[in-house]
Amino acid sequence: MISLKKIKKEFIIGNQVVRAIKEVDLEIKQGDYLAIMGTSGSGKSTLLNILGCLDVPTQGSYEIEGNNVVDLDDNQLSQIRGSQIGFVFQAYNLLPDLTVLENIKLPLIYQKNRRDEDDAEAIRLAHLVGLKGRLDHKPNELSGGQQQRVAIARALINNPVLILADEPTGNLDTQTEAEILDLFEELNAMGKTIVVVTHEDEVGERAKRVIVMRDGLIQSEKDNNHE
Amino acid sequence: MNSILYTVKLSLRSLYLHKMRTALTVLGIVFGVCSVITMLAVGKGASADTQKMIADMGSLNIIIDSVKKANTENKSKGPQVYGITNADFQRIEETIPEVKKLVKQRSYRNNVYYNDISIETQVIATESSYFTINSVDLVKGRLLNNIDNEMRMKVCVITESLAELLFPYQDPLSEQIKFQDVNYQVIGVISNSAETNSSPYTAYICFETAFASYGNKSVEGNSTNNTVEQVDISQLILQMPNLEAVLSASAKIEYLMEKFHPEKDYDIKVPIKLLEQAKASQRMFNIVLGAIAGISLLVGGIGIMNIMLATVSERTREIGLRRALGAQRIDIISQFMTEATVLSLVGGLIGVALGIILPFFISFFLKVETITSISSMLVAFIISGFIGILFGSYPAIKSASLNPIDALRD
């Protein structure tokens, strides 16, 4: 349902062409839990940006649910990001002035058929990620792990096709990291498709499938057997 | 519509959360709007004052005053001769037949006596129509009439203030006052004149009576330092039937007076012309005020732009996040535009409030008339809104042009 074919991405820096992604083919099926690993400069961040429709490839095709997103304009890409993809960032990226509930509802205001008057879904998700009783708190009143839970609930609010997490546990201690990864596993078990970009092996271990990027190519791909 | 309300609500909250920053940003607009309203109020008050003063002189009147020239002071013993003569009066009467009323007056400044009380008084010798041209309120008794004048009756009308001083206990109507060795029966009391240049202590006598008693010479000043002046007519007022007549007559009078008085010992006032001059200078005044107020609003707008630009770079990450969460460029633009507009409208609102209060203080402490008009408030408020949109647009567009990837990485 998500497929990248012969994706290439080149940047021109000065008068030099940098080939961030030389050629990548990738299929992500519904219910998948994929970890993209690699050192910095391997092209994993560029791949994440393309997956998140924050950037378009120089060549190749990228289809989400059968729609090719390569030829879309800025507004259409915004629309896809808002409706099909849920982002989870390393630094949580919550708005400090908004309450937990308002942060969770934030993506709704950019949707065509806005449903942000309805708190029920946001409350349900807050409970799902374990934020019962903290809906009126401001982000600075929460721990790092709780803030990341808010971000995950926010990523889920539009019922996206894909949850894209960029180093989601990079700022967390080991204990909290494990809790967040448990949450991802639960969500995956509910059928959510998750892609995690990380350079930590422990995080990669928890995914169903790991690909390792190197020099703009997929170096290796393996399935974790959790059985 | 809903989403606009939502953005307004959000921006109001963001402004509230950054009170200090908001207050400092808004200050420029507040003072701009406040100064626009206050300046217009002061300007309007001043012009209303002048216009009222001119209107009091009578818009269909032409006033000719005799003027003592400083350099005509003669060292010889003879009296100082100057001003409008009886010949002038006759010439004017003949040249301008359309005149509705022609009133001459001779004014003196000297003491009047009642028993042992003496008060320095302005004594105006004039005709009955003087009272119709300078509409006066009769308090008691009657005014001078034509018969008094023709019969050279020794009667007078005095102002209320003078009556109070001379006759604190008596009924003035049964008393006589003495002015330059002639006794005058008080026949009427009028309220003090609204005319700004006339003294509250004024007595009115008949022109012909005065002429018969004193001729055209008068002693001015006190007993130790006085001069003898020879003036036929101190002031001549012409009331014209309409505006065109005022203009044509004033030209004729100017020509006549200039011809016979090369030393210019007279002054012609045409209130309607003064009114036009006052209006023209008011326009000029308004343009200058408007320019100053405009500059202060501009400075306020630049302050808003400055803060909005700072806000944009401060909130790059937020912009990146919102873009990642599905916001289109237009959403980001409208968010920052709304913030800038709300900011300047809040400033405008406070400015209007101050602009209503400040003129009261100015009126109270500086004793200057001010008129605050609703239209000036509206104009100032609307301009402040435009300033917000205008100066908010560049930061807003700048914010939206950020690449979401770069903005997120910031």
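Modeller: Cys206(B) is buried, its relative accessible area being 1%; buried stands for under 20% relative accessible area, exposed for over 50%, and partly exposed for the range in between (1.4 Å probe, protein chains only). This is a predicted model, in which local features need pLDDT of at least 70 and side-chain atom pairs count only at pLDDT 80 or more, while totals for chains, interfaces and linings use all residues. Residues are numbered from 1 along each chain as its sequence is written, chains are lettered from A and ligands numbered from 1 in the order in which they are written, and side-chain values use heavy atoms, with hydrogens and water left out.

The closest cysteine sulfur to that of Cys206(B) belongs to Cys156(B), at 9.5 Å, which is too far for a bond. Cys156(B) is likewise buried, at 0% relative accessibility.

The charged side chains come next. Over all chains, 23 salt bridges are found, each defined by a side-chain nitrogen of Lys or Arg within 4 Å of a carboxyl oxygen of Asp or Glu. One of them joins Asp65(B) to Lys269(B), with 2.9 Å between the closest N and O atoms. Because Asp65(B) belongs to strand 1 (residues 61-66) of chain B and Lys269(B) to strand 13 (residues 266-269) of chain B, this pair ties together parts 204 residues apart in sequence. Helices (H or I, at least four residues) and strands (E, at least two) are DSSP runs, numbered from the N terminus. Asp65(B) is buried at 15% relative accessible area, whereas Lys269(B) is partly exposed at 25%.

A further bridge in chain B is formed by Glu120(B) and Arg109(B), whose closest N and O atoms are 3.3 Å apart. Here Glu120(B) lies in strand 4 (residues 117-126) of chain B and Arg109(B) in strand 3 (residues 101-114) of chain B, 11 residues apart. Glu120(B) counts as partly exposed, at 47% relative accessibility, and Arg109(B) counts as partly exposed at 34%. Elsewhere, a network of salt bridges links Arg315(B), Glu318(B), Arg322(B) and Glu339(B).

In chain A, Asp119(A) and Lys105(A) meet in a salt bridge with an N to O distance of 2.6 Å. Asp119(A) is in the loop between helix 3 (100-105) and helix 4 (120-128) of chain A, and Lys105(A) is in helix 3 of chain A, 14 residues apart. Asp119(A) is partly exposed at 27% relative accessibility, while Lys105(A) is buried at 15%.

The aromatic rings complete the picture. The structure holds 10 aromatic pairs over all chains. Tyr130(B) and Phe131(B) have ring centres 5.8 Å apart and planes at 90 degrees, so this pair is edge-to-face. Rings of Phe, Tyr and Trp (its six-membered ring) pair if their centres lie within 6.5 Å, and planes under 30 degrees apart count as stacked, over 60 as edge-to-face and the rest as tilted. Tyr130(B) is buried at 5% relative accessibility, and Phe131(B) is buried at 4%. Tyr108(B), Phe179(B) and Tyr214(B) are joined into a cluster by ring pairs.

Charges also sit over rings. The charged end of Lys104(B) is placed over the ring of Phe89(B), 4.2 Å from its centre, and Lys367(B) lies over the face of Phe364(B), 5.3 Å from the ring centre. Such a contact requires NZ of Lys or CZ of Arg within 6 Å of the ring centre and within 35 degrees of the ring normal.

Conventions
Disulfide = S-S within 2.5 Å.
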